[in-house]
Amino acid sequence: MDICSFALLDQVANPLSLQQELTALQRQNWLPHVNHSDYSEGLQGGWDVLPLRCAAEYQAAHPILQAFAITAGQHWQNLPYLDSSPTLLSLLQSLTCPIKSVRLMRLYPGAEIKPHRDIGLCLAQGEARLHLPLQTNDALNFYVDGKRVPMRTGELWYINADQVHWVENKGQEARINLVIDCEVNTWLRELVYAAKIRA
């Protein structure tokens, strides 16, 4: 399979239930992204995160480790925010591939995530990043390898994070994506391949 920069995999069900859960989760204690060199803030804020699933060794650790720790661990654990969000939990359980970290990532109006790569995080290397926009706007621009990804609310996308990618929120409301890191198996590889053929 040749290199795939991004692919639309699915449209999720129960969008109203997802929005209700998101409303509750937005009241929780989100953490500013630790790598300030990777983004610039807008007038209303920058880039923050709410961890939902992490490496088991960090389950009782400070949330900053749950959100950003890079580990080769084999065991992953849901955090209470995810266990109390049945629609999100059901969505994750519908993915028949091993799920690693899961978090909500919010980019405020006017903020930008600068061009960067997450080395090795791609289908060919056995690791995949999926994005599910839960709140977005038409002036949100997400680019991978110089191409704009036309993400809409409720669409599940595969993103080749090993390629250079960046995001700019030129809209009037925050963008919130569910970001899922998972292991590539035959199911996921075939899903991405079929999506690429349809595109």
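Asp 145 counts as partly exposed, at 42% relative accessibility; that label covers the range between buried (under 20% relative accessible area) and exposed (over 50%), using a 1.4 Å probe and protein chains only. Its side chain meets that of Lys 147 in a salt bridge, 3.0 Å from N to O, where a salt bridge is a side-chain nitrogen of Lys or Arg within 4 Å of a carboxyl oxygen of Asp or Glu. Lys 147 is partly exposed too, with a relative accessible area of 37%. Keep in mind that this is a predicted model, with local features needing pLDDT of at least 70, side-chain atom pairs counting only at pLDDT 80 or more, and totals for chains, interfaces and linings using all residues. Residues are numbered from 1 along each chain as its sequence is written, and side-chain values use heavy atoms, leaving out hydrogens and water.

By the salt-bridge rule, the count comes to 8. One of them pairs Lys 100 with Glu 127, their closest N and O atoms 3.1 Å apart. That pair links distant parts of the chain, 27 residues apart: Lys 100 sits in strand β6 (residues 99-107) and Glu 127 in strand β8 (residues 127-135). Strands here are DSSP runs of E, at least two residues, and helices are runs of H or I, at least four, numbered from the N terminus. Lys 100 is buried at 12%, while Glu 127 is partly exposed at 24%.

Now for the loops. Arg 117 bridges to Asp 162 at 3.2 Å between the closest N and O atoms. Arg 117 lies in the loop between β7 and β8, and Asp 162 in the one between β11 and β12, 45 residues apart. Asp 162 is buried, at 17%, whereas Arg 117 is partly exposed, at 43%.
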